[in-house]
Every structure is written in C-alpha cells, then in structure tokens.
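Subject: Structure handover

Hi,

Here is the structure I promised to pass on. My notes on it follow below.

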Amino acid sequence: MRKQLKISAIQNGTVIDHITAGMALKVLHILGLDEEPPSSTVSVIMHVPSRAHEFKDIVKIEDRELKKRELNRIALLSPHATINIIRDGEVAEKHHVRPPREVVDLSACENPNCITNTREPVSTRFKVIRKEPTVLKCVYCGREQDVDVSRLE
Ligand code: CTP
Ligand code: ZN
C-alpha cells in the first residue's frame, strides 16, 4: 500500500485555522513569510473540508508565536480565522482574530492624488468600514477600497 503523506501536528508554534478558503497564500504574504526564507518550517494546507464553512485553509508555523499586530492583519483577509498557540504539542491558547478599527501603513491608497501618494513620507491610514469583505476608507481623501494584497506593504 502506498504511504500517505499527512500534515502532522506540530510541537510548538502557531496554527492559523479556519482561514477563508483560497486565502492561505495571502495570509503568508501579510505575515511576510513569502519574501524571505522562513526561519522555521511553514506548512500550508489548502481546501480542507470544514464543518462551519464548506472549505478552509490552514497555515502551521513552527517555533514562532505571532504578535497581536500580525493577527489583526489576518482578520482583514480572513475574519473567521482562529489562532492556536501550540506549546509542547498541546493547544495552549486559542484566539479568534478581530479586524482592527483602523489600519496604518498596510496598503497604499488607490487615489493617485491622495496626500499619501504625493507627499512622502506620509503614512497611509484607513478606517475599516466593512468587515466581510473588508472595505477600507482612506482617512485623508475618503477613497474607499478593498484590501488589495498586491499593494500590501
Ligand atoms: N494542531 C496542530 N498541532 C497540535 C495541536 C493542534 O497542528 N499539536 C492544529 C489542529 O490540527 C487544528 C488546530 O491546531 O488545525 C486547532 O486544534 P484543536 O483546537 O485541537 O482543533 P479543534 O478543536 O477542531 O479546533 P476548533 O474548535 O477551533 O475548530
Ligand atoms: Zn487616500
């Protein structure tokens, strides 16, 4: 019989579970794990059948516990994600992500005339005016836009 490959439980680290199906790679991007080689093992599991929603993605990051600021960014892409902190092979903490009310320096404003695009350096600042799907409103010019992962900084 052929051996089956399975993504196993991890000993220590962070499991981001219940990621909206199709968003796993964007979550990796928002965490900066797609740029530099990660310092630890990262597993990406896409399109897993799920009870709550039809399908979900899962990301497992070994030997790294994520910070609150990083968690908030995940919520912009995947409002139902849960963060499981794994210690000694057990779920030590479980958090539901919550979108922040405001995001600073996350993505560029789509309005070319916005002060954030014309006068450097001005931090971008958006209010989160809708959570699912996320809609951002620029505090400076009022332009409303989606979270465009290609523009995330
Ligand atoms: N997990 C892991 N390694 C461990 C423990 C858990 O990779 N040592 C993963 C599980 O595979 C699961 C997630 O962490 O994807 C959460 O684990 P657990 O809370 O045990 O699962 P559920 O009870 O199904 O979680 P929920 O109620 O949030 O759906
Ligand atoms: Zn703007």
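The 24 positive and 22 negative charges of the protein have mean positions 4 Å apart. Lys and Arg count as positive, Asp and Glu as negative; His and the chain ends are not counted. Each charge is placed at NZ of Lys, CZ of Arg, CG of Asp or CD of Glu.

Before the rest, some ground rules. This is a predicted model: local features need pLDDT of at least 70, side-chain atom pairs count only at pLDDT 80 or more, and totals for chains, interfaces and linings use all residues. Residues are numbered from 1 along each chain as its sequence is written, chains are lettered from A and ligands numbered from 1 in the order in which they are written, and side-chain values use heavy atoms, with hydrogens and water left out.

Salt bridges next. The count is 5, where a salt bridge is a side-chain nitrogen of Lys or Arg within 4 Å of a carboxyl oxygen of Asp or Glu.

- K56 and D17 pair up at 2.9 Å, N to O. K56 sits in strand β3 and D17 in strand β1, 39 residues apart. Strands are DSSP runs of E, at least two residues; helices are runs of H or I, at least four; both are numbered from the N terminus. K56 is buried, at 12% relative accessible area. D17 is buried too, at 15%. Buried means under 20%, exposed over 50%, partly exposed in between (1.4 Å probe, protein chains only).
- E102 meets R125, with the closest N and O atoms 2.5 Å apart. E102 lies in strand β6 and R125 in strand β7, so the pair ties together parts 23 residues apart in sequence.
- R87 and E93 also form a salt bridge, at 2.9 Å. R87 is partly exposed, at 34%, and E93 is partly exposed, at 30%.

Now the fold. The protein has 3 helices and 9 strands. Their order along the sequence is β-α-β-β-α-β-β-β-α-β-β-β. Buried residues make up 39% of the 153 residues.

Finally, the inside. The largest nonpolar core has 29 residues. Such a core is a set of buried Ala, Val, Leu, Ile, Met, Phe, Trp, Tyr and Cys residues joined through side-chain atoms within 4.5 Å. I16, L31 and I74 have the most contacts inside this core. Helix α2 gives the most to it, with 5 residues. A second, separate core of 5 residues includes I10, I45, I58 and I86.

Best wishes
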